[in-house]
Amino acid sequence: MKVGFVGLGIMGRPMCLNLLKAGYEVTAYDPFAAKALDEVVAAGAVRGTSNADVASKSDVIITMVPNSPHVRAAVFDKGGIAEGAKEGLDIIDMSSIAPLESKDIAEKCAERGINMMDAPVSGGEPKAIDGTLSIMCGGPKAMFDKYEKLLGVMGGSVVHCGEVNGAGNTTKLANQVIVAVNIAACAEAYELATMAGVDPEKVFAAIRGGLAGSTVMDAKVPMMMDRNFKPGFRIDLHIKDLNNALDTGHGVGTPMILTSAVQEMLQWLHNNKCGSDDHSAILKYYENITGVEVKR
Ligand code: NAD
């Protein structure tokens, strides 16, 4: 099976390296990430010269780009995947995009004889490096069955969430709501403890194994205490995800009260030059109000 990989950013680079390590034949390309492309080529990938070139050399292509306009551009623009695609090419879009966009892109691909599945991920850069991402898939079960093993190289869990294109991205939106609200709860609580005179490190040691403990707390609170806001997952990407969650919530008619509150914090941070920080920098929203830093 010849695999193409398009988009070698924070997530795509280590995911592509894991496919190479597992012995897959990979052609890779990213027009804006020359260093990452050199690195995957050094690890054994064939250097693609355009998205169309990758398509002409692949049976299946993984895309890992920021948002739906980037997926559309990668597939349909001049020099894009559709231009070089052989009949029956499969695309697995692992980017996190709006579910309705996934569905629409899949329909436009089908008109050109290209099959599509959405397979966004959770777990961030550390799990992309370890190959233990949580992968949530939407699209025909037959396509899921065909690629479950390939996805398993990058994931600790690979779940088929529904036959409809976009079902994976709907699941991802639920994930992003829970992560955002959980980080904001951690920021609020550790600011409270610090201002009340209790060492945040002691709070972390005392509560992380209890009911309040979470993967989010384990990953993000040490970053907060270390004042390390290097992404990880950028605030601007989380704004994109919560916009998609709010739109979807409004569309289906469910209240999104907590999501909208955290979205306002993220938007304030974006407007105050923190859009490229890790989302653990939600803490800075509270610190700006109190003037007190949470640190070891
Ligand atoms: P990133 O910005 O680091 O990387 C995206 C890459 O896509 C860039 O290198 C860019 O050059 C490339 N790209 C953009 N347009 C392209 C095109 N037309 N053709 C080819 N390549 C193109 O982003 P990331 O953090 O790797 O995130 C990628 C996706 O994964 C996003 O949808 C994000 O929401 C999701 N995600 C990220 C994380 C995380 O922790 N970073 C975790 C889970 C999911």
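1. A backbone N or O atom of Met11 lies 2.9 Å from an oxygen atom of the ligand, which is a polar contact (a pair of N or O atoms within 3.5 Å; within protein, one must be able to donate a hydrogen and the other to accept it, and residues adjacent in sequence count only if both atoms are side-chain atoms). At Val65, a backbone N or O atom is 3.2 Å from a ligand oxygen. Asn51 takes part through its side chain, with an N or O atom 3.2 Å from a nitrogen atom of the ligand. On its own the ligand exposes 830 Å², and the protein buries 90% of that; accessible areas come from the Shrake-Rupley method with a 1.4 Å probe, and for residues only the protein chains shown count as cover.

2. Before going on, please keep in mind that this is a predicted model, where local features need pLDDT of at least 70, side-chain atom pairs count only at pLDDT 80 or more, and totals for chains, interfaces and linings use all residues. Residues are numbered from 1 along each chain as its sequence is written, and side-chain values use heavy atoms, with hydrogens and water left out.

3. How many residues surround the ligand? There are 27, and the closest are Met11, Asp30, Pro66, Ser96 and Lys240; a residue is near a molecule if one of its heavy atoms lies within 4 Å of it. By class, the shell holds 14 nonpolar, eight polar and five charged residues. Here Ala, Val, Leu, Ile, Met, Phe, Trp, Tyr, Cys and Pro count as nonpolar, Asp, Glu, Lys and Arg as charged, and the others, Gly among them, as polar.

4. Helices α4 (68-76), α7 (124-130) and α12 (235-252) each give the shell at least two residues. Helices (H or I, at least four residues) and strands (E, at least two) are DSSP runs, numbered from the N terminus.

5. The chain is assigned domain 1 (2-162) and domain 2 (170-290), with bounds from an automatic or database domain assignment. Each domain supplies at least three residues to the shell around the ligand. The domain centres, taken over C-alpha atoms, are 28 Å apart. Across the boundary, 13 residues of domain 1 are in contact (heavy atoms within 4.5 Å) with twelve residues of domain 2.

6. Is Asp90 buried or exposed? Asp90, in strand β5 (residues 90-93), counts as buried because its relative accessible area is 4%, where buried means under 20%, exposed over 50% and partly exposed in between (1.4 Å probe, protein chains only). Beyond neighbours within four places in sequence, Asp90 contacts residues including Asp59, Asn115 and Lys146.

7. Met195 sits in helix α9 (residues 167-195) and is partly exposed at 46% relative accessibility. Leaving out residues up to four places away, Met195 touches Thr290 and Val292. Its C-alpha is 8.9 Å from that of Glu293, 98 residues apart in sequence.

8. Some backbone geometry deserves a look. The loop between α11 (215-226) and α12 holds Gly232, and the peptide bond from Pro231 to Gly232 is cis, with omega near 20°. Arg227 is found in the loop between α11 and α12 and has a positive phi near 55°; Arg227 is partly exposed at 26%.

9. Lys273 also has a positive phi, about 65°, although it is not a glycine. Lys273 lies in the loop between α13 (257-271) and α14 (282-290) and counts as exposed because its relative accessibility is 81%.
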